[in-house]
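Here is a short report on one structure.

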Amino acid sequence: MALEAFTPSQPLTLGVELELQLLDTHDFDLTPRAEDLLRELAGHSGDWDVKPEITRSMIEIGTSIQRAFTPLRDELRDLRAQMSRAARKLNIAISGGGTHAYQHWSEQRIFPTERFRYISELYGYLAKQFTVFGQHVHVGVPNGDEALWLLHALSRYVPHFIALAASSPYVQGVDTGFHSARLNSVFAFPLSGRAPFVLTWEGFGQFFDKMTSTGVVQSMKDFYWDIRPKPEYGTIELRVCDTPLQVDKAAALACYLQSLCRFLREERPFEPAEDDYLVYTFNRFQACRFGLDGEIVDPKSKQRAKLRDDIIRTLARVEPHALDLQGLDACNMIRESLTDGNDATWLRRQHAEHPPMAALVEAAAARWMAA
Amino acid sequence: MRPAVVGALQAVYQQIVDWLVTLVRAPLAGLRGADPVLGLAVVVLAALVLASLLHRRARLPRLLGYLLVGAVASPVVLGLLQRTDIDPWKPLIDLAVAALVFELGTRLRPRWLFDNPWLAASSALEALAAGVAVWLVLVLLGAPKASAAAAAACAAATSPVITMAAFLEARPRGQVAERLLMLSAINSVLAILAVKLWPVLAHSQSVSGSESLTLLASASVVIFGSLLLGLACGVLLDRLGRLHDEAATMPVLQLAVVILAALLATAWGLSPFVALLVAGMTARSRMRHRLTVQPYLGSAGAALTVLLFVSFGVLSTVENWRTLWPWALAIVVARLIGKGAAIFATARPSGLSWRQATALTLALQPMSSLSVLLVADSFGWRAQLPGADAGVIQALLITTTWMQLSGPLWTLWPLKHVVGEAVDDDRPHER
């Protein structure tokens, strides 16, 4: 199967996907109700989309194509309102967060579609352990070459998004010490990590051909990279964010990425290089483990810096672009979260105040549903 | 049914009983002469073994095994135990029922009825439709209208005990399971209300206006008194829980409050069912996740379940079934149609698929002695339907026996095989 042609799209357009948790209102464990909720939302108003995810306790929503912060946030608020109404009708709760604090992976049930069955058969228990919840942001690019350039240029900023969105400190009832433990589940997949350093769509096509000839992959969907090109949409897709606990945060993260992409495209502050990836895994780990307090190494200058400080410096550089994109409010939200802490910090604070794990998950659901 | 067929069936049945009795004559004679407490203990052991075999070999619910062993030991089949033999165990059986009802209360979220008004409509309609259907069919068969109304009121209820015990056995997760809990609680409360008001309706011509008012006041006192008692017990558990904020003491506190609520309700002539249900709901609402209800009191609860269901089996009654079976069958069919019609009519607007509606209709069918005896002021085994036609009540008891013995199948088969909300395996389900 050859790599499909890259569909051109309008630069810097945005699309957001959120994987969400479906919860039982009694014990706030995950509950396999995706089909009920999908049926209830079948007649929803708005251009957003809702679809199943790999297990029946998950659901994925996708916004329509957006260009600026306010309409994106409004659409996310609308879908949250409609979903929350449907969920209350069905006596379930919906929550953000990268992991469920105490669900048992073995109790999850695979959603009955051909693709999910294939994944389940291929990856075995890993598929059920993949009951983690992420935010994916698509950014429109005009062609494949630019998609790959932007993809690799963005790699330096991947830790920003991990730390800002981190909302998965608890796994199987235990505080992992990580801010984003979700990405550890993604690491387990053989085709996760980063994309190969190829800067032309033609070169990428050759790589894809080699991979498909080995039989290891069948389509682009089989790559679980942190950032991957999405030729059918004409976008690059950032996949490292945990699903935030509030939709406004999800909109802000998407628009921070949009402003960053505009900054990179228009100012070309550096050229991506293979050696940028020497520190990639280290920086990624720091962001997952310590969140905004992590220390990262600049791949060009080799200087160490606090992640929080690096985000502040980056915000200062991208804000003129955010202004042009009507995304200044998003940057302000990001700046505020640097002092308030990320969602992982909020979850730990909640847990300290109200110890039962179920209370923590209930509070997170109330935050997402704006109850 | 033709007399020849009935005769043949009777002969086969008698032959099987004789054969069984001959086979185990010596042990049976020993057991029959034994202390009733010891006798029941032996039957409970047998129930455990059979239930385990049924579950492992035929994937049948364990509860079914307990019921069957109780029924086989009852006067209806082998006569190992008499109904009065249950009496020494009655406090434990009452506790088992009370604990199950309290836990049912903790699982209900009344807010759901406001979030989904069609669910509220569905709850009221299915109880009403079942009652009306049963009344209609009994009247058509020639039953006195007042007695048919009494039977209809009892038949509107789904057994909350079988529902909750089956729920704890299979741990289902899904729309049908949650609606089943909600609907069985609501239709039982409505049945209690209907039966309390029954004398007013049944004897409206002979009862004077002041007597009617007295009966209405009495019914109101029972319902509102039970409500208040439940609220008070729920608040009490919350307060005591704050004083002794230790995980180890919580089950003991729960047990104490459950016993208190049941005893006070009995002593004051209120409804223990309503009081315990409200106590559970209040405790959950006030304590939230501090209320860690041990699934049915842990392993002690498991023992109580066996005892409870064996007792249900022992209390089976099929007297006069040869003459009353058409009435009993009519009640079964009318309930099924009544509940089904209401559930299907409200399925789509309330958010159910047709498949889920089918499963819910089937799962709502079990009845238990409790549903007949809800009218009693305590968990005693006396029906309190003065003036009701004995034939109609006996037909209702036969129906109850059928729907009780097959109850776990009605509940669990649709949950497992129609909607797949329960996983049919032996994995522990920690929540």
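Predicted model: local features only at pLDDT ≥ 70, side-chain atom pairs only at ≥ 80, totals over all residues.

## Two crossing helices

A crossing is left-handed if the near helix is turned anticlockwise from the far one by less than a right angle, and right-handed if clockwise. Helix α7 (residues 117-140) of chain B passes helix α15 (residues 321-350) of chain B in a right-handed crossing. The contact of α7(B) with α15(B) involves 20 nonpolar, four polar and three charged residues.

The axes of α7(B) and α15(B) come within 8 Å. They cross at roughly 155°. Angles over 145 degrees count as roughly antiparallel, and α7(B) and α15(B) are therefore roughly antiparallel to each other.

Now turn to chain A. Helix α9 (residues 247-267) of chain A has 21 residues. At 1.5 Å a residue, α9(A) should span 30 Å. Its end C-alpha atoms are 30 Å apart, so the two values agree.

Is α9(A) enclosed or open? Of its 21 residues, 17 are buried, so α9(A) is largely enclosed by the rest of the structure. Arg268(A) follows α9(A). The phi of Arg268(A) is positive, near 40°.

## Where the chains meet

Chain A puts 19 residues in contact with 15 residues of chain B. Three helices of chain A each supply at least two residues of this side: α1 (34-40), α2 (69-89) and α14 (357-369). The largest share, three residues, comes from α1(A).

Which classes make up the side of chain A that touches chain B? It has nine charged, five polar and five nonpolar residues.

Methods: Residues numbered from 1 in each chain as written. Chains lettered and ligands numbered in written order. Helix = DSSP H or I, 4+ residues; strand = E, 2+ residues; numbered from the N terminus. Expected span 1.5 Å × (residues − 1). Buried ≥ 20, exposed ≤ 12 C-beta atoms within 10 Å, placed from the backbone. Axes fitted to C-alpha atoms, helices over the stretch in contact; angles between N-to-C directions. Parallel < 35°, antiparallel > 145°, perpendicular 65-115°, else oblique. Nonpolar A, V, L, I, M, F, W, Y, C, P; charged D, E, K, R; others polar. Contact = placed C-beta atoms within 7 Å.
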